[in-house]
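Please keep the sequence and the structure at hand while reading.

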Amino acid sequence: MQVIRGKYFGIARQNHVSELAYSVSKEFRGKGLIYAPFSHALDNVKLKIITVWVDERNIRSQKLLEKLNSTKLGKIDEFMYSLRERIYVNLLFCVGNADYVLKRAKEELERRGLNI
């Protein structure tokens, strides 16, 4: 989990906004562990708004963000170049209320019996 505060207009103007980047190793996917870094990061960094860019083809990540109550605001075609695939990929821009995302992440950890 990477938290980049004030990315768009500088930390002085957007101390309350952060872009999140995350990934989970293949062997740990589908176990609900992704909620732990969301919970930890948002518990330790006081924010109001989170933003996330998602590869349009990453359905799992889209479902995760929906479950955390983030909203898809837009799509930019061919916004990022994939070095591995050697193609341009479409990205979706999502935004969420940090307090609500934290609450949902903690609920999911508790529901799954994960005390991480």
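## A nonpolar surface patch

Met80 is located in strand β4. The model is a predicted one. With a relative accessible area of 39%, Met80 is partly exposed. Met80 belongs to a nonpolar surface patch together with Ile76 and Phe79.

The phi angle of Glu78 is near 50°, which is positive although the residue is not glycine. Glu78 has 56% relative accessibility and is therefore exposed, the cut-off being over 50%.

## Aromatic pairs

How many aromatic pairs does the count come to? There are five aromatic pairs. Trp53 and Phe93 make up a tilted pair, with 4.7 Å from centre to centre and 50° between the planes. The angle explains the label: planes under 30 degrees apart would count as stacked and planes over 60 as edge-to-face, so a pair in the remaining range counts as tilted. Trp53 belongs to strand β3 (residues 49-55) and Phe93 to strand β5, so this pair ties together parts that are 40 residues apart in sequence.

Trp53 is partly exposed, at a relative accessible area of 28%. Ring pairs also join Trp53 and Phe93 with Tyr8 and Phe79 in a cluster.

Another residue of strand β3 is Ile49. Ile49 is partly exposed, with 30% relative accessibility. Its C-alpha is 7.0 Å from that of Val95, although 46 residues separate Ile49 and Val95 in sequence.

The structure has twelve salt bridges. One of them joins the side chains of Glu19 and Lys7, with 3.3 Å from N to O. Glu19 sits in strand β2 (residues 17-21) and Lys7 in the loop between β1 (2-5) and β2, so the contact ties together parts twelve residues apart in sequence. Are the two partners buried or exposed? Glu19 is buried, at 9% relative accessibility, while Lys7 is partly exposed, at 45%.

A further salt bridge is formed by Glu56 and Lys75, whose closest N and O atoms are 3.0 Å apart. Here, too, distant parts of the chain are linked: Glu56 lies in the loop between β3 and α2 (59-67) and Lys75 in strand β4, 19 residues apart. Both partners are partly exposed, Glu56 at 27% relative accessibility and Lys75 at 42%.

Arg111 and Glu108 form a salt bridge between their side chains, at 2.9 Å from N to O. Both residues belong to helix α3 (residues 98-111), where they are three residues apart, about one turn of the helix. Arg111 is exposed, with a relative accessible area of 55%. Glu108, by contrast, is buried, at 4% relative accessibility.

This pair is part of a network of salt bridges. The network links Lys67, Lys103, Arg104, Glu107, Glu108, Arg111 and Arg112.

## A positive surface patch

Which residues gather in a patch of positive charge on the surface? They are Lys26, Arg29, Arg60 and Arg84. Arg84 is placed in the loop between β4 (71-82) and β5 (87-97). The relative accessible area of Arg84 is 74%, so Arg84 counts as exposed.

## Other positions

Asn69 has a positive phi of about 65° without being a glycine. Its place is the loop between α2 and β4. Asn69 is partly exposed, with a relative accessibility of 43%.

Ser39 is part of helix α1 (residues 35-44). Ser39 has 8% relative accessibility and is buried, since the cut-off for buried is under 20%. Ser39 and Asp55 are 16 residues apart in sequence, and their C-alpha atoms are 22 Å apart in space.

Definitions and conventions
Residues numbered from 1 in each chain as written. Predicted model: local features only at pLDDT ≥ 70, side-chain atom pairs only at ≥ 80, totals over all residues. Heavy atoms only, no water. Patch = residues over 30% accessible without salt bridge, like charges linked within 9 Å, V, L, I, M, F, W, Y side chains within 5 Å. Areas by Shrake-Rupley, 256 points an atom, 1.4 Å probe, with all protein chains shown as cover. Salt bridge = Lys/Arg side-chain N within 4 Å of Asp/Glu carboxyl O. Lys, Arg positive; Asp, Glu negative; His and termini not counted. Charge placed at Lys NZ, Arg CZ, Asp CG, Glu CD. Helix = DSSP H or I, 4+ residues; strand = E, 2+ residues; numbered from the N terminus. Buried < 20%, exposed > 50% of the residue type's maximum accessible area, 1.4 Å probe, protein only. Phe/Tyr/Trp six-rings, centres within 6.5 Å; stacked < 30°, edge-to-face > 60°.
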